[in-house]
Structures are given as C-alpha cells and as structure tokens.
Amino acid sequence: MNRFVVLLLACTAGAAFAHAPADPVFSPASVRAHVAFLADDLLEGRDIGSRGYDIAARYVASEFDAIGLTPAGDDGDWYQRITFQKTSPGATPASLTITGPAPAHMFAQGDDVIITPNALERAVDLSAPLVFVGYGIADKAVGIDDYRGLDVTGKIVVALSGYPDGIGSEEGAHLNSSKAETAEARGAIGFLTLPTLKMQKIRPWSMMRHYAEGARYTWVSRDGVPFVAAPRIRGQGTLNTSAAQAIFAGARQSLDAVLKAADKPGARPRGFALKTSARLQSSSSVETITSPNVAAMLPGSDPTLKNQYVVLSAHLDHIGIADAKPGDAPDKDRINNGALDNAAGIATMLEVARAFAQSDEKPRRSIVFLASTGEEKGLLGADYYARHPTVPATGIVGNVDLDMPLLLYPFKDVIAFGADHSTLGPLVAEAVAPMGVTLIADPMPEQGIFTRSDHYMFVKQGVPAVFLATGYGNGGKEAWESFLGGNYHHPGDDLNQPIDWQAGARFAEANYRITRAMADADTPPLWYKGDYFGNLFAPEAAKAEPAQK
C-alpha cells in the first residue's frame with residue numbers, strides 16, 4: 001500500500017495555499033487506501049465482537065507498528081481488551097400495565113411502549129405509583145428543579161423528553177442524557193419518557209418502535225459487574241400516545257394539556273402526582289462478548305510536558321450486517337460498511353499519526369492515538385478508556401475526537417462540538433486558519449450531538465474535549481442533510497458514494513495542525529471560568545478567562 005504518495009492541493013477561497021517546507025504533506029491516496037480496507041465487505045460492517053471488527057483492529061495496530069509508535073494498550077500491547085454484556089429482550093415480551101381511575105389495561109412492547117431490558121436483572125416485575133416530573137431536570141447551575149415539592153421515593157417517574165427553552169443545547173443534551181441518574185438520586189425506582197410534540201415530529205413512533213427488540217450493551221468492570229449509570233432504576237421505557245393517555249387518566253391536567261403547554265416557547269411544565277400506578281414487566285437474556293480498543297502513543301520530547309497526554313480518538317466499530325426483512329431479494333446488500341462513519345475518522349487519525357511519527361520535530365506533549373470500540377452501542381469503548389486509561393489519568397489534558405467527517409464536498413469550515421467551553425475553541429480556530437478554514441458554531445443543536453460522540457466521555461472525566469467535523473459551508477449543509485436522511489447507518493455508506501479524497505487529505509491536515517497546537521502549547525487546554533461542564537466535572541482544575549466574542 002503506497003502510503004507515502006505526496007499530493008495535496010489545499011485550496012482557499014480564491015488562491016492555492018503553499019505549505020511551508022517543514023509542514024507534512026497529506027495524500028488523498030493514503031486516506032482512500034485506509035477507508036477502502038476498513039469499509040470493505042470482507043469486514044462485514046465492523047460490529048463489536050465480530051471477526052470483521054477484529055480484522056479492523058489488527059489493521060490499525062499494524063499501521064501503528066509500521067510508523068513506529070509505542071503500544072499503549074494493556075501490558076505493553078496495542079489492545080485494551082474490554083468485556084461487554086449484551087442484554088437482549090427475553091422470551092416473555094415486556095409490558096406495561098396501568099391501573100387507576102379507568103379499568104386496568106396492559107400495553108404491549110413495541111406497539112404502545114418500549115421497555116429497555118435490565119442489564120442487572122433477568123426478570124423484572126415492578127409496581128409503583130406514578131409521578132409526572134415535567135422535564136425531569138434538577139440542576140442548580142441552570143436554575144431548574146422539576147422535583148421541587150414532589151415525593152418520588154419508591155415511585156416511577158414520568159418525564160418529558162428533551163429540555164426546555166433557555167438552556168444551551170450542549171448543557172441541555174447532557175441534562176437530557178442523565179435524567180435516570182437524577183431520578184435515582186431522588187429515590188425513584190422507575191423512569192418513563194413521554195415524547196414531546198416536537199420529539200414526535202423528529203422521531204415518530206414508527207421510527208422508535210424499531211428499537212423495541214434491540215439489544216443493549218454495556219461494558220463489564222474488572223470485578224465482573226456490568227456498568228449501569230443508574231442501577232437502582234429497575235425499569236425504564238418510552239411511551240406511545242395511548243399508553244401516555246392512560247397514565248394521565250384522572251390527572252389534574254390531561255395529556256393533551258401537558259403536551260400543548262410544553263410546546264409553547266419558554267414553557268417549563270410543573271410536575272404533579274398522578275392518580276395511576278404502573279406495573280412494568282420485562283425479561284432479558286445476556287451474553288458476553290469481547291472487543292478491544294486499539295491504542296498507541298508517541299512520547300513527547302519535552303522533559304516535563306511529556307508527562308501530559310493529548311488524546312486523538314476515532315471510533316473503529318460500526319453497526320455490522322442488517323437483519324433481512326420479509327420480501328428482501330436474496331442478493332440485497334445488508335452490509336453497513338461505515339465508510340464515512342467512521343472508517344474516514346480512523347483514516348484521518350492514522351494519517352495524523354504518520355505525520356507526527358515522520359516529523360523531525362517531535363511534539364512536546366505525548367500523544368495517544370485511540371481507536372475505540374463500542375461507540376455505536378453507546379460510546380462504550382471511550383467511556384471505558386476515559387475511566388480506565390492506559391496512561392496516568394491525571395496527565396490527560398485534552399481530547400479531539402474524529403467521528404464521521406463528511407468527505408463529500410470541498411469543505412471550507414469545520415465544526416468543533418464543545419468548542420465554547422474551553423480554550424480548545426480558539427486553539428482550533430487559530431490552527432486551521434492558515435488553511436483558509438474557519439470554525440463555525442454548532443449548526444444542528446437540535447441533534448444533541450455534543451453527548452453523542454466519544455469526546456463526551458472524556459468531558460465527563462473532566463478533560464476539555466471537542467468533536468471535530470466538516471462544516472456547513474460550500475455545500476456542506478446540503479451534504480449533511482442528505483447523508484443523515486439517507487446513507488447514515490445504512491448500507492449506502494460505502495465507497496460507491498462520491499467521496500472527495502482531496503477533502504480527506506485536507507481534513508487530516510486540519511487535525512494535524514490542531515493536535516500539534518495542543519501538544520506544543522506552553523499551557524494545556526483549560527476550561528473557561530464559570531463554564532457549566534468545567535464546574536461540573538473539573539471543579540478544582542485551573543480555569544481560563546472566557547474568550548471574547
């Protein structure tokens with residue numbers, strides 16, 4: 001594989017940008033070669049625990065070895081081996097039975113409710129009174145306590161999906177993703193989500209019900225216990241309209257009134273005890289699989305700063321082979337190759353690693369290159385690494401994650417999800433400016449992307465982090481909307497797409513510049529003073545003055 005072909009025409013808005021002699025040059029052919037291998041049908045979509053994923057992991061480890069990096073997995077190896085538990089719905093279908101003012105009624109899994117299988121209990125039979133808790137958010141920093149005046153101890157709470165107006169999209173995404181933990185902290189034993197009218201439009205029930213029979217995954221600790229963020233929440237589920245109406249029978253506000261009130265700008269519906277109770281029943285089966293992170297390091301050159309680590313990460317897994325559907329042709333393509341999601345991110349990381357390894361000027365800080373597993377199952381490999389790093393945890397100072405760079409157009413701007421929270425924002429902007437590339441704000445806050453990629457797991461451990469993606473300019477908006485509505489998580493995400501390999505080389509250069517700036521700066525990335533995430537996850541860490549806007 002000719003990995004050292006040197007060809008890059010990095011174009012600005014009107015003129016070609018010439019590299020300084022010392023700058024590395026990135027090859028479109030090399031990016032294409034990595035993606036072509038990782039997205040080949042031979043790897044069958046790189047699902048965790050599969051032979052295809054293991055082949056991909058071996059490929060990445062071999063590339064790390066070939067360019068002269070140091071193994072940074074377990075015990076001097078390239079691999080950080082992780083055990084996962086796969087929890088699937090059991091033989092007895094889950095159900096939700098509502099009792100109260102109206103006659104008791106049982107709602108079936110998939111039709112009216114989606115019950116999540118419990119990773120810690122093979123059979124759940126949970127009965128308790130119901131309490132509506134508004135959006136289910138309680139956080140002093142954003143000035144909301146939806147639990148004020150409500151007794152939810154030993155009860156099942158019902159919360160609206162999403163978050164109210166007036167909260168930043170990234171803070172809101174975090175609060176939305178941690179509602180079960182909030183309920184558990186207040187004594188609840190069950191959690192039901194009530195989709196808002198807005199959410200019903202974005203993700204109608206016809207789309208949601210496909211997840212009813214899906215398995216859930218979690219990593220298993222070294223003492224054999226599956227990780228569950230809210231272990232005392234024994235039952236969780238999402239409600240369809242008919243089940244939600246039954247839950248609100250006899251309530252002081254009807255379901256329609258609650259949903260209409262929540263749909264108004266600035267609305268923050270208050271909670272109240274419901275007149276109904278629920279019995280949640282589910283069964284599950286489990287199996288254990290293993291799948292490794294692949295990690296390498298380039299040691300830093302500075303005698304002091306080499307003990308600080310910058311992490312450049314990208315997820316290696318994808319979603320494997322789709323199940324056959326009735327009526328499918330025998331030769332129907334069901335392999336989800338994941339060319340852009342995320343073979344392209346891995347290719348970018350490998351080319352950045354190559355450039356650093358071949359540079360005469362080694363980085364001052366050490367750089368960890370992490371190809372993570374289990375991202376598609378819930379950011380699991382990154383979560384495990386962030387909690388159990390193979391380098392000293394206190395030495396990790398920053399993370400840039402590469403996930404699904406959309407290499408379908410000649411991008412002229414980039415998005416760094418999370419850039420507003422730390423000095424990584426201006427660092428990214430300054431690093432790519434010589435390329436004629438600008439940094440833009442999150443153009444799709446409604447997607448809650450800040451909590452949906454691996455960098456968020458580092459944020460939760462107090463590490464300033466961003467997720468870098470190609471931007472919305474120069475045709476990017478149309479490309480993103482088309483991809484998310486078409487080839488995303490679909491067999492169409494393969495090499496038959498019109499992938500712009502020149503954009504791939506350009507994206508690698510951008511990430512090299514960003515990683516170089518992180519590794520060589522006198523000061524490591526710092527949270528801003530007063531920032532929500534810095535205060536929440538790194539309260540004792542040094543802070544920087546907020547950037548001027």
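**Burial and packing in a predicted model**

User: Phe356 and Tyr512: buried or exposed?

Analyst: Phe356 and Tyr512 are both buried. Buried means under 20% relative accessible area, exposed over 50% and partly exposed in between, with a 1.4 Å probe and protein chains only.

User: What are the ground rules for the model?

Analyst: This is a predicted model, where local features need pLDDT of at least 70 and side-chain atom pairs count only at pLDDT 80 or more, while totals for chains, interfaces and linings use all residues. Residues are numbered from 1 along each chain as its sequence is written, and side-chain values use heavy atoms, leaving out hydrogens and water.

User: How many aromatic pairs does the structure hold?

Analyst: There are 17 aromatic pairs. Rings of Phe, Tyr and Trp (its six-membered ring) pair if their centres lie within 6.5 Å; planes under 30 degrees apart are stacked, over 60 edge-to-face and the rest tilted.

User: Where do Phe64 and Trp78 sit in the chain?

Analyst: Phe64 is in helix 2 (residues 51-66), and Trp78 is in the loop between strand 1 (70-71) and strand 2 (79-89), 14 residues apart. Helices (H or I, at least four residues) and strands (E, at least two) are DSSP runs, numbered from the N terminus. Phe64 is buried at a relative accessible area of 0%, and Trp78 counts as buried at 11%.

User: And why is the pair of Phe356 and Tyr512 called tilted?

Analyst: Their ring centres are 4.5 Å apart and the planes are at 45 degrees, so Phe356 and Tyr512 are a tilted pair. Phe356 belongs to helix 9 and Tyr512 to helix 14 (residues 501-520), 156 residues apart.

User: Which residues have the most contacts inside the largest nonpolar core?

Analyst: Phe64, Leu69, Val294, Leu316 and Phe369, in a core of 81 residues. Its largest share, 13 residues, comes from helix 9 (residues 339-358). A second, separate core has 61 residues, including Ala72 and Trp527. A nonpolar core is a set of buried Ala, Val, Leu, Ile, Met, Phe, Trp, Tyr and Cys residues joined through side-chain atoms within 4.5 Å.

User: New topic. Which residues of helix 8 are buried?

Analyst: In helix 8 (residues 255-262), they are Leu255, Val258, Leu259 and Ala262. They fall within an arc of 95 degrees seen down the axis, so they line one face of the helix. The arc is that of the directions from the helix axis to the C-beta atoms.

User: What do the buried residues of helix 8 pack against?

Analyst: Their partners include strand 6, strand 10 (190-194) and strand 13 (272-298). Contact means heavy atoms within 4.5 Å. Leu126 is in strand 6 (residues 123-132) and counts as buried at 2% relative accessibility. Setting aside neighbours within four places in sequence, the contacts of Leu126 include Ile156, Ile189 and Arg279.

User: Which residue of strand 13 is the bridge partner of Thr97?

Analyst: Arg279 is the bridge partner of Thr97. Strand 3 and strand 13 run antiparallel and are joined by five bridges; two strands pair if DSSP finds at least two bridges between them. Strand 3 also forms a hairpin with strand 4, with five residues between them. Four of the five residues of strand 3 (residues 95-99) are buried, so strand 3 is largely enclosed by the rest of the structure.
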